[in-house]
Amino acid sequence: GIPAGKTAMYVPAISQAPAYQLAWSIDNYTELPLGTTAAGTNVSVWYRPNELATAQAGTEHLLAVFDWYEKTLGAYRFGNKVGTVSVNWGAGVTGGMEHHPRWHVASSSLGSQETNAHEAAHGWFGDGVRISCWEDFVLSEGTASYLAARAFDVVAPALGEQTWTNYANALAQIPGNRPVWPRTCNTVDVLKDNLFTNAPYMRGAFFYKAVAGKVGADKVDQALAAFYREFAGKPARMTDMLTTIKTVTGYDPTACAQLWLEGTSTPTPAACP
């Protein structure tokens, strides 16, 4: 029943994934193949009419980023054909959604390299590893934000520097009383209790960056990879991440997490006790 001239973007099956990973989109799509990673994953972007230049700009480094994720974090779980799907969510709607292996990006954000890299990172954190509770939202979003910037640091350093600058500017606009990591489990409503804000994204990213300032970014990479090996295909909590960081790096991040994820004022970037 798909209208003539339209393409239905969906995947036939997904296993061991969060319910919100499921999605489909029907539109007039053209596929732009971006290449194949060293692990054999084919990366593409599917764009709508008059979006080619925007799609090219937003996915300029997506192949290299996805390749870095695979090499650094571990094997991707959701097949060997992946990529961004441009979707029309209406005027004023931005961002993306982690519908792996065809993650969706709002047409207004298609040209954002950070958005494309962030949604790709959810293949490991948020989808590859599920969150146990809505209170662990930062384990998905803060980790994905960090990984996008960290990948750019490696594959496109100037873009990485600009991404961290953009993050710092966003961080400065976040009120200190916005919740990031409530210490309960599924007692909050992610929308009604104001957890779905920029705070978990940005303060989560800077938590990892602060830890990297203590132990080195390569050590944080190793901790994220170890966490993924242990919890891929399973639910996990942010407390599990703190345990893994301590085990792998030797640094106890508890006080740093309290500062960045539980504090009521926004810390200075890179600060970590």
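**Entry 1: ground rules.** I number residues from 1 along each chain as its sequence is written, and side-chain values use heavy atoms, with hydrogens and water left out. Since the model is predicted, local features need pLDDT of at least 70 and side-chain atom pairs count only at pLDDT 80 or more, while totals for chains, interfaces and linings use all residues. Helices (H or I, at least four residues) and strands (E, at least two) are DSSP runs, numbered from the N terminus.

**Entry 2: helix α8.** I looked up α8, which covers residues 238–249 and has 12 residues. From first C-alpha to last it reaches 16 Å, close to the 16 Å expected at 1.5 Å a residue; the expected span is 1.5 Å times one less than the number of residues. I then listed its buried residues (under 20% relative accessible area; exposed is over 50%, partly exposed in between; 1.4 Å probe, protein chains only). They are Met 238, Met 241, Leu 242, Thr 244, Ile 245 and Thr 249. Seen down the axis of α8, these fall within an arc of 165 degrees, so they line one face of the helix. The arc is that of the directions from the helix axis to the C-beta atoms. An α-helix has 3.6 residues a turn, so residues three or four places apart point the same way. The buried residues of α8 pack against α4 (137–155), α6 (198–215), α7 (217–231) and α9 (254–262); contact here means heavy atoms within 4.5 Å. Just after α8, I noted Gly 250 with a positive phi of about 85 degrees.

**Entry 3: largest pocket.** I took cavities and pockets from a 1 Å grid over the protein atoms alone: a cavity is a set of points where a 1.4 Å probe fits but cannot get out, a pocket is an open set with protein on both sides within 12 Å along at least five of seven lines, and lining residues have an atom within 4 Å of a point. Grid points are joined across faces, edges and corners, and a volume is the space filled by probe spheres set on the points. The largest pocket has a volume of about 630 Å³ and 31 lining residues. Gly 95, Gly 96, His 118, Glu 119 and Tyr 201 lie nearest its centre. α5 (157–172) gives the most to this lining, with six residues. I count the pocket lining as 13 nonpolar, 14 polar and four charged, with Ala, Val, Leu, Ile, Met, Phe, Trp, Tyr, Cys and Pro as nonpolar, Asp, Glu, Lys and Arg as charged, and the others, Gly among them, as polar.

Entry 4: I found one cavity of 30 Å³ or more, and the largest cavity holds about 50 Å³ of space. Its lining includes Met 9, Tyr 10, His 100 and Pro 101, and divides into seven nonpolar, four polar and one charged. The peptide bond from His 100 to Pro 101 is cis, with omega near 5 degrees. Pro 101 lies in the loop between β6 and β7 (102–106).

**Entry 5: positive phi.** Most residues other than glycine have a negative phi, and most peptide bonds are trans. I noted Asn 50, not a glycine, with a positive phi of about 70 degrees. Asn 50 sits in the loop between β4 (42–47) and α1 (52–58) and counts as exposed at 82% relative accessibility. Asn 186, also not a glycine, has a positive phi of about 55 degrees. Asn 186 is in the loop between α5 and α6 and counts as partly exposed at 45%.
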